[in-house]
Amino acid sequence: MKSSDTFSANSSANNSTNHNGDAVAGSTAPAPSNFIRHIIEQDLQTGKHNGRVQTRFPPEPNGYLHIGHAKSICLNFGVAKSNNGFCNLRFDDTNPEKESQEFINAIKADIEWLGFHWSGEIRYASAYFDALYEFALQLIRAGKAYVCSLSPDQAREYRGTLTTHGTPSPYRNRTVEENIDLFTRMAAGEFAEGVHSLRAKIDMASPNINMRDPVIYRIRHVHHHQTGDKWPIYPMYDYAHCISDAMECITHSLCTLEFEDHRPLYDWILQNLDIATLHRASDSKEGVESYVLPRQIEFARLNINYTVMSKRKLKELVMQGYVKGWDDPRMPTLSGLRRRGFTSASIRNFCDRVGISRSESVVDLGMLEHSIRDDLDKSAPRAMCVLRPLKVTLTNYPLDSLDGPEVLELSCHPKEESMGKRKLPFARELFIDASDFEEIPPPQYKRLSPGTEVRLRGAYVIRCDQVIKDAEGKPVELLCSYDAATLGVNPQGRKVQGVIHWVPAQYAIDVEVRIYDRLFSKENPDDKTIGDYKECLNPESLVTLTGCKAEPSLKLAAPEAGFQFEREGYFCVDRYDSTPDKMVFNRTVTLRDSWTKISS
RNA sequence: UGGGGUGUCGCCAAGUUGGUAAGGCACAAGGUUUUGAUCCUUGCAUUCGUUGGUUCGAGUCCAGCCACCCCAGCCA
């Protein structure tokens, strides 16, 4: 045990030993070093924002959050927290047809589960529609935006290609009056979808296609989950996002690499708006003179091998029934990982370990597995559960006595005594796992085989005397004898190497165990040479085992409770399908396993 | 044949102003162990995509080359 001196010697280094301490925002290690934190440090030094750090996490509510979002969440909230700043949650809801309240609710729940707290009320880009509309009028009056009446197809032709410049729209030089008239009528719902759009007047010859008079408003006669039927026009991302950031006084607008080419547009919009108006529309409580525009900074999105991360593909897996929902334990969604048994701390740690950079990279799934093992090894109580039961009868163990069974006490954790002990009856008839017996033991096999001994974890040493087989020659029962002198002590004069888990037959509870494995069998399901990513779906990503035998103490386990089933892995009680009468456990991850390496 | 990016160990990733390659994962070898788990110890890039240049000295500066990623939605 640690002495109290050890604790007082270095307070900051011992954060990790603080089990149920501050569960918020991965704070066990010193803040990671990355280019974004460097930029912020610099801005703090130069006093660019008066020492203020304000970030935001801006999901579009068109799907569930996945672990890639967790990277962004940890970054945005983490960077704000360690600089005494704040992070907003803003729904980027400018394209209502793909969005829904269901997604908004799920996203909120996932962020809370991850352990982060957003600053103030939840924000919505849609809450800024009035302001956005006024700013559009301002651009029009300044001759910096115009109503274009090209069809989407025509607009594409006018835009030019990657290597050839575009051609100005014939509507580019409409008068301010005409533009205002048309735009006002667009907003009044007078026109059908597609007949007009509002465009920023920038440069059709720009080598950056985003600057070739991008559309900033389109006509969409659809219901919006927040604003109802108020608007027949909706702003585009490029236009709404930068203004929303500015209105929320965001200092550092962090996004992924694919928006790099949009940065000039982000800056153009803000720089072409009247700063005083922007300031007035913003959250700022200081004067205009200290009002500084936000800076967009891009970082690489998260990729993990053996999985897909695009929302489109995840949605497809759900919609076409390849998985059982957004929260299927095989999904890389936060709700899926949660249901699988991942703790939020493990995900935060994973994000810290992965780091932030600008190079596109593919993280090994092993890193995620390490993060959850690392957490659960320390925090998960141990228990025994036999997945593929094989009956064992201890021929020399007394038959049931009237006093009831012999009851053993086992520690819930090998190191953490504070986790207490659990009771487990011992009996003449037991179950062990079928894989812990081999009639013809392979080299270095340390488990049970005819004539050899093993230790039953937390109980006695037993020896296999006889194998009873069925008609096909498969072992169905083992007749063993136990050594009564080996409870809590090693036998004298011989060494018993193997230790196996077991469960008393008549006191065990029947449970269902779902064995999950990676969803894809190829490292890169997106590889074009595979064809469709669904071709490499792993047919064994889910194997359901029924009739598993769990120790009776598990009966009390609550939904989502995580355990280490000794020698098998980490498992959790399924939060939806498990009932007291029919418990269901999900395998979160296996234990590290050097035996299968040795044996193969 | 346009523009914007990225290239440091098998996988991530630090490398402030040029001064002689952090850390994690994985892997390997030992030790402890009533989980073939955990834990502990040790090992694991004379080299930073590549070729040249500047310099006493370059992953860090300069030039050329190569590879890969992103962009032509009235999606985000």
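Q: How many bridges join strand β16 to strand β17, and in which sense do the two run?
A: In this predicted model, three bridges join β16 (residues 453–456) to β17 (residues 461–469), and the two strands run antiparallel.

Q: What lies between β16 and β17 in the hairpin?
A: Four residues separate the two strands of the hairpin. Gly-458, in the turn, has a positive phi of about 75 degrees.

Q: And which residue in β17 is the bridge partner of Val-454?
A: The bridge partner of Val-454 is Ile-462.

Q: Is the pairing of β16 with β19 parallel or antiparallel?
A: β16 and β19 run parallel and are joined by two bridges. Leu-456 stands opposite Ile-500 of β19.

Q: What is the strand order of the open sheet?
A: The order is β19-β16-β17-β18-β12-β15-β20, seven strands with mixed pairing. β19 (499–500) and β20 (502–504) are the edge strands; each has a single partner, so one side of each lacks a neighbour in the sheet.

Q: How do β12 and β18 pair?
A: β12 (residues 389–394) pairs with β18 (residues 475–483) in the parallel sense, over four bridges. Leu-394 is found opposite Cys-480 in β18.

Q: Changing topic: which residues touch the most other members of the largest nonpolar core?
A: They are Phe-183, Tyr-217, Tyr-239 and Ile-243, in a core of 42 residues. Among the elements that give two or more residues to this core are α5 (129–141), α7 (176–187) and α8 (237–247). The largest share, nine residues, comes from α5.

Q: What does Phe-183 touch?
A: Leaving aside residues up to four places away in sequence, its contacts include Tyr-133, Leu-137, Val-147, Leu-198 and Tyr-217.

Q: Which residues does the second core include?
A: That separate core, of 38 residues, includes Ile-67, Ile-111, Leu-365 and Leu-376.

Q: What share of the RNA atoms within 4 Å of the protein belongs to sugar or phosphate?
A: The share is 65%, and the rest belong to bases. On the phosphate side, a polar side-chain atom of Arg-159 lies 3.0 Å from a phosphate oxygen of RNA strand B.

Q: Which part of Gln-564 is 2.6 Å from a base nitrogen?
A: An N or O atom in the side chain of Gln-564 is at that distance from a base nitrogen of RNA strand B. For Gln-444, a polar backbone atom is 2.8 Å from a base nitrogen of the RNA strand.

Technical notes:
Residues are numbered from 1 along each chain as its sequence is written. Chains are lettered from A and ligands numbered from 1 in the order in which they are written. This is a predicted model: local features need pLDDT of at least 70, side-chain atom pairs count only at pLDDT 80 or more; totals for chains, interfaces and linings use all residues. Side-chain values use heavy atoms; hydrogens and water are left out. A nonpolar core is a set of buried Ala, Val, Leu, Ile, Met, Phe, Trp, Tyr and Cys residues joined through side-chain atoms within 4.5 Å. Buried means under 20% relative accessible area, exposed over 50%, partly exposed in between (1.4 Å probe, protein chains only). Contact means heavy atoms within 4.5 Å. Two strands pair if DSSP finds at least two bridges between them. A residue is near a molecule or strand if one of its heavy atoms lies within 4 Å of it. A polar contact is a pair of N or O atoms within 3.5 Å; within protein, one must be able to donate a hydrogen and the other to accept it, and residues adjacent in sequence count only if both atoms are side-chain atoms.
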